[in-house]
Amino acid sequence: EAQVTQNPRYLITVTGKKLTVTCSQNMNHEYMSWYRQDPGLGLRQIYYSMNVEVTDKGDVPEGYKVSRKEKRNFPLILESPSPNQTSLYFCASSLGGLGEKLFFGSGTQLSVL
Amino acid sequence: GESVGLHLPTLSVQEGDNSIINCAYSNSASDYFIWYKQESGKGPQFIIDIRSNMDKRQGQRVTVLLNKTVKHLSLQIAATQPGDSAVYFCAERVTGRRALTFGSGTRLQVQP
């Protein structure tokens with residue numbers, strides 16, 4: 001089954017404790033991206049990747065890092081999480097580009113205390 | 001800045017009725033639009049898309065209409081079912097940008 005898989009589904013952590021949210025897609029898509037979803041603000045792009053070893057900042061990249069060492073994986077790293085990063089995070093992939101039809105994962109609900 | 005918005009935050013309809021969800025966009029340079037459905041606890045799911053060279057596109061029980069003159073996009077769902085209850089949001093792509101801009105969503109509630 002074609003899908004984007006994120007883990008964990010829920011995560012509660014404390015300020016400053018480094019964490020990684022994993023994302024994997026099995027559709028051989030070149031394009032991958034991370035979004036955060038906050039009430040009233042819609043989905044905002046954090047980082048994106050056009051291909052292996054090619055990443056770039058989205059609209060809200062502060063406090064986040066990503067890596068793309070393999071085509072299928074695109075982890076999101078929070079080196080020192082803060083409470084304002086409490087949010088619902090989605091990973092997405094696309095075949096034709098990041099301005100095309102995106103396939104989303106099920107989301108990771110992060111709470112930073 | 002440019003934005004994608006929705007007229008109504010919540011829409012309540014009776015089962016079997018047709019639903020119309022609206023979306024206004026402000027960037028005349030947008031050339032591609034998508035509607036997504038997001039059920040509780042799930043990621044957004046693609047419903048239908050339309051390019052700016054089209055006015056209308058139909059899928060299974062859904063129709064998207066694009067009015068470029070007034071920068072308005074709508075999603076019509078025929079014979080709405082309880083399983084259609086979800087948040088729906090539109091997204092636009094500005095020509096040349098490598099990202100979609102998403103609206104904040106409209107919650108559709110289907111009453112039995």
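1. A charge counts as sitting over a ring if NZ of Lys or CZ of Arg is within 6 Å of the ring centre and within 35 degrees of the ring normal. Keep in mind that this is a predicted model. In it, the charged end of A:Arg9 sits over the ring of A:Tyr10, 5.2 Å from its centre.

2. Over all chains, the structure has 11 aromatic pairs.

3. Take A:Tyr35 and A:Phe104: their ring centres are 5.8 Å apart and the planes are at 55 degrees, so this pair is tilted. A:Tyr35 belongs to β4 (residues 31–38) of chain A and A:Phe104 to β10 (residues 103–104) of chain A, 69 residues apart. Both A:Tyr35 and A:Phe104 are buried.

4. Over in chain B, the rings of B:Tyr36 and B:Phe102 are tilted too, because their centres are 6.0 Å apart and their planes stand at 50 degrees. B:Tyr36 is in β4 (residues 30–38) of chain B and B:Phe102 in β10 (residues 101–102) of chain B, so the pair ties together parts 66 residues apart in sequence. B:Tyr36 counts as buried at 0% relative accessibility, and B:Phe102 does at 6%.

5. Now for a sheet. In chain A, four strands make an open, antiparallel sheet in the order β1-β3-β8-β7. β1 (4–7) and β7 (65–66) of chain A are at the edges with a single partner strand each, so one side of each lacks a neighbour in the sheet. Two bridges connect β7(A) with β8 (residues 76–78) of chain A, and A:Lys65 is opposite A:Ile77 in β8(A).

Methods
Residues are numbered from 1 along each chain as its sequence is written. Chains are lettered from A and ligands numbered from 1 in the order in which they are written. This is a predicted model: local features need pLDDT of at least 70, side-chain atom pairs count only at pLDDT 80 or more; totals for chains, interfaces and linings use all residues. Side-chain values use heavy atoms; hydrogens and water are left out. Two strands pair if DSSP finds at least two bridges between them. Rings of Phe, Tyr and Trp (its six-membered ring) pair if their centres lie within 6.5 Å; planes under 30 degrees apart count as stacked, over 60 as edge-to-face and the rest as tilted. Buried means under 20% relative accessible area, exposed over 50%, partly exposed in between (1.4 Å probe, protein chains only).
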